[in-house]
Amino acid sequence: MHKAQLTSGTYLITERPGQGALRWFLERAAALLCEREGPQACGMCGGCRKVKNLLHPDLHVMVPVPSSAKDPTAVLATWREAVLDNPYLLYSEWMAMLGAAGKQGNMAAAQVRTFQEKAALHAFEGHRKVFLIWLAEYLGKEGNILLKTLEEPPEGTFFFLITQRPDRVLPTIRSRCLVYRMPTLPIEDFVTEAKRYGVSEQTARAFYGITRGSIGLLRQLQNDEWEDSRHRFEQWQNALKSGDRMMLWTLADQLHAEGREGAKTRIDHWLLMLQQGLDTRQLRPYDAMTLLGILETLQEEIAQNIHIRHAFFTRSLQLMEKLSALRQARLHQFVTV
Ligand SMILES: [Zn+2]
């Protein structure tokens, strides 16, 4: 979008987690708040530099916080540090940073009111103001306070709402936005960007398909959490094979303790590993497909408020029976042939 053509507006940017909407937004914000004329940010002026450091007085941000956060606005300093370090920040990483891994975040009424008040003020430096709601799916019914402002933003005011779950954004808000879908990063750009974060070209190419071009996911796959997932996945497969119910129970307990969001992330990792065929060389293709099916069901169940420990244990037992039946069938085949 050419900044000269814009006077105000409300945009809903949809992306898959870690796909780069935040990075894209920062470029747009710099272009809008740049002090020089021209369609793009000059990258040199005070305005551009302040946006780059997320410190521009006319750039306002609202992010989800855990309900345990006593001062939601103080949390913004942490968010700023996090995003400066990694503009592909994932929601799960963000909540973990606040010591609320696995907890549900939201935007408190006080945050929304502050946001609304800022929209009514005049711009401090130039003639434009830029507002970001990062992960608008966590904006609950309090978001309705903003409806009028979002529908007709004051002259020179721009709202950008980033979401990874457009289906969960309040319909009243969604209907007031122009929707822009983040395109998937082409593989060559993905590799270049991955290298900036210390990921080798070979690894980046191997993970392009499975992360569907998400740098955020790629980064996450490089960290300790992924190693932990890998280890537990191995334990789970062994327990299923040997019929170790105690181990299954322990794993169910661990998953339960991680909370709903944490458990979802963990199952996501396992699905990724399965789809990529990592650590599953001991699995026969048909067994891997059975595992995949059950994990997908489990993922849906966890998203729907089911009791995590119980669901995991029950599904594991079901899986154990299926795998054993498959083994029997193979044995039988072998004997009769
Ligand atoms: Zn500039």
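Strands themselves are DSSP runs of E with at least two residues, helices are runs of H or I with at least four, and both are numbered from the N terminus. The model is a predicted one, in which local features need pLDDT of at least 70 and side-chain atom pairs count only at pLDDT 80 or more, while totals for chains, interfaces and linings use all residues. Residue numbers start from 1 along each chain as its sequence is written.

The pair belongs to an open sheet of 5 strands, in the order β2-β5-β6-β1-β7, with parallel pairing. At the edges sit β2 and β7 (178–181), each pairing on one side only. From one strand to the next the twist averages 20 degrees. In general, strands of a sheet pair through backbone hydrogen bonds, either parallel or antiparallel.

Now to β5. Its parallel pairing with β2 (residues 59–62) takes 4 bridges, and Met62 stands opposite Ile133 there. With β6 (residues 157–163), β5 pairs over 6 bridges, again in the parallel sense; Val130 has Phe158 as its bridge partner in β6. Because 6 of the 6 residues of β5 are buried, the strand is largely enclosed by the rest of the structure. A residue is called buried if 20 or more other C-beta atoms lie within 10 Å of its own, exposed if 12 or fewer do, and partly exposed in between, with C-beta atoms placed from the backbone. Both faces of β5 are covered, with Lys129, Phe131 and Ile133 buried on one side and Val130, Leu132 and Trp134 buried on the other.

Leu135 lies in the loop between β5 (129–134) and α6 (147–151). It has a positive phi of about 70 degrees, although it is not a glycine, and it counts as buried because it has 23 C-beta neighbours inside 10 Å. Asn305, in the loop between α14 (285–303) and α15 (308–336), is not a glycine but has a positive phi too, about 65 degrees. Asn305 has 8 C-beta neighbours inside 10 Å, so it counts as exposed.

Helix α1 (residues 21–33) has buried residues including Ala21, Leu22, Phe25 and Arg28. Among the elements covering the buried residues of α1 are β1 (9–14), α2 (46–52), α3 (75–85) and β5, with contact taken as C-beta atoms, placed from the backbone, within 7 Å.

Further along, helices α11 (residues 224–242) and α12 (residues 245–257) pack at an angle of about 145 degrees, their axes 9 Å apart. Axes are lines fitted to C-alpha atoms, for helices over the stretch in contact, and angles run from 0 to 180 degrees between N-to-C directions. Arg232, Gln235, Trp236 and Ala239 in α11 meet Met247, Leu248 and Leu251 in α12.

As for the whole chain, it comes to 15 helices and 7 strands, and its C-alpha trace spans about 80 × 40 × 30 Å along the principal axes. Of its 337 residues, 34% are buried. Among contacts between residues at least 6 apart in sequence, 73% join residues at least 24 apart.

Technical notes: Two residues are in contact if their C-beta atoms, placed from the backbone, lie within 7 Å. Two strands pair if DSSP finds at least two bridges between them.
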